[in-house]
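I opened this notebook to record what I looked up in one chain. The sequence and the structure come before my entries.

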Amino acid sequence: MSQLGERIKEQRIKQKWTQDVLAQKIGTSKHVISNWERGVANPDYKQIVLLCNTLSVSADYLLGITEFPDPYYKDPFGQLLLLPHVDYSFVKKNAWDLLKLINSGIVLSVNNEKLTSKDKLLLHEVISSIVSRLHEVTLETEERVKEQLAKQILDEPSPDNSLF
């Protein structure tokens, strides 16, 4: 029996379907399903798509490319992913909310080392503190610049109108 045939049979049985029921669902015969499951024949690409949609598995799984039976989904970046339950609210048009990304459930790494939950919590706190301080410094700087401009305007001599 081929891996493809084994996986078709495994998923059919998981659904508690007979070969006849699966055949009806994808528009073929029980004999064709039997041949696939025994490795005597293989489905064509259109039949693989029908099988994947009917059995709710990925083509990669049926074909033995991956061990993950769940269908793939595209994330907001157009990348394929296996976990459609990940919170992607950190994506806002052309910008990402960094803190939501850290807390999204996506595996993050730095220098090929995965960040633990504790690492993510600490990183969240550090980034929050840095951004908060950046806002404070920006406001302080803006106030200083305004004060310096106001002083320069007051310190400048009034224009001499005698030239006109």
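**Entry 1, the chain.** I note at the outset that the model is predicted. I looked up the secondary structure and found seven helices and six strands. Read from the N terminus, the elements follow the order α-α-α-α-α-β-β-β-β-α-β-β-α. I then looked up burial: of the 164 residues in the chain, 24% are buried. The accessible surface comes to about 12,200 Å², and carbon and sulfur atoms account for 56% of it. For contacts between residues at least 6 apart in sequence, I recorded that 34% join residues at least 24 apart.

Which residues of helix α3 are buried? Within residues 30-38, I listed I33, S34, N35, W36 and E37. I next looked up what covers these buried residues, and the cover includes α1 (3-14), α2 (19-26) and α4 (45-55). Just after α3, I noted that G39 has a positive phi of about 80 degrees.

Why does I130 count as partly exposed? Its relative accessibility is 48%, and the partly exposed class lies between under 20% for buried and over 50% for exposed. I also wrote down a general point: an α-helix has 3.6 residues a turn, so residues three or four places apart point the same way.

Terms used:
Residues are numbered from 1 along each chain as its sequence is written. This is a predicted model: local features need pLDDT of at least 70, side-chain atom pairs count only at pLDDT 80 or more; totals for chains, interfaces and linings use all residues. Side-chain values use heavy atoms; hydrogens and water are left out. Buried means under 20% relative accessible area, exposed over 50%, partly exposed in between (1.4 Å probe, protein chains only). Helices (H or I, at least four residues) and strands (E, at least two) are DSSP runs, numbered from the N terminus. Contact means heavy atoms within 4.5 Å. Accessible areas come from the Shrake-Rupley method with a 1.4 Å probe; for residues, only the protein chains shown count as cover.
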